Amino acid sequence: MTTRASIPIWFFVGALLLVYGVLILGAGIYGLAHPPAVKLAHLHAGVWWGALLVLIGGLYCWLFFPGRKRGGSEG
C-alpha cells in the first residue's frame, strides 16, 4: 500500500509571502527612482518590507516544499 504525500499549507503561505514580497520590493525599487511626496520616504519601507517578505517566503517554500524529506519519525 502506498500513501500520497499531502502538500503542507505552509508551502502555500510561503508562496503567497514570496509573491507579495516580490511585488512590494518591485514597488519599493521603483520608489527609489521616483520618490513619493511623503515625509518618511527616505526610510525606503517598501524595499525593507519587500526584502523581508521575500526572505521569509523563500524560506517557507524551501522548508515545506512538497516531497522534501524531513527528519523525524516516519509512521
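Student: Which residues line the second largest pocket?

Tutor: Rolling a probe the size of a water molecule over the atoms shows where empty space is left. On a 1 Å grid over the protein atoms alone, a pocket is an open set of points where a 1.4 Å probe fits, with protein on both sides within 12 Å along at least five of seven lines; lining residues have an atom within 4 Å of a point. Here the lining is Gly-28, Gly-31, Leu-32, Pro-35, Pro-36, Leu-40, Ala-41, His-44, Ala-45, Gly-46 and Val-47. The model is predicted: local features need pLDDT of at least 70, side-chain atom pairs count only at pLDDT 80 or more, and totals for chains, interfaces and linings use all residues. Residues are numbered from 1 along each chain as its sequence is written, and side-chain values use heavy atoms, without hydrogens and water.

Student: Which helices each supply at least two residues of that lining?

Tutor: Those are α1 (9-33) and α2 (45-63); helices are DSSP runs of H or I, at least four residues.

Student: How should I read the pair formed by Phe-11 and Phe-12?

Tutor: A pair of aromatic rings is described by the distance of the centres and the angle of the planes. Rings pair if their centres lie within 6.5 Å, and planes over 60 degrees apart count as edge-to-face. The count comes to 4 aromatic pairs. Phe-11 and Phe-12 are edge-to-face, at 5.8 Å centre to centre and 70° between the planes.

How values were computed
Phe/Tyr/Trp six-rings, centres within 6.5 Å; stacked < 30°, edge-to-face > 60°.
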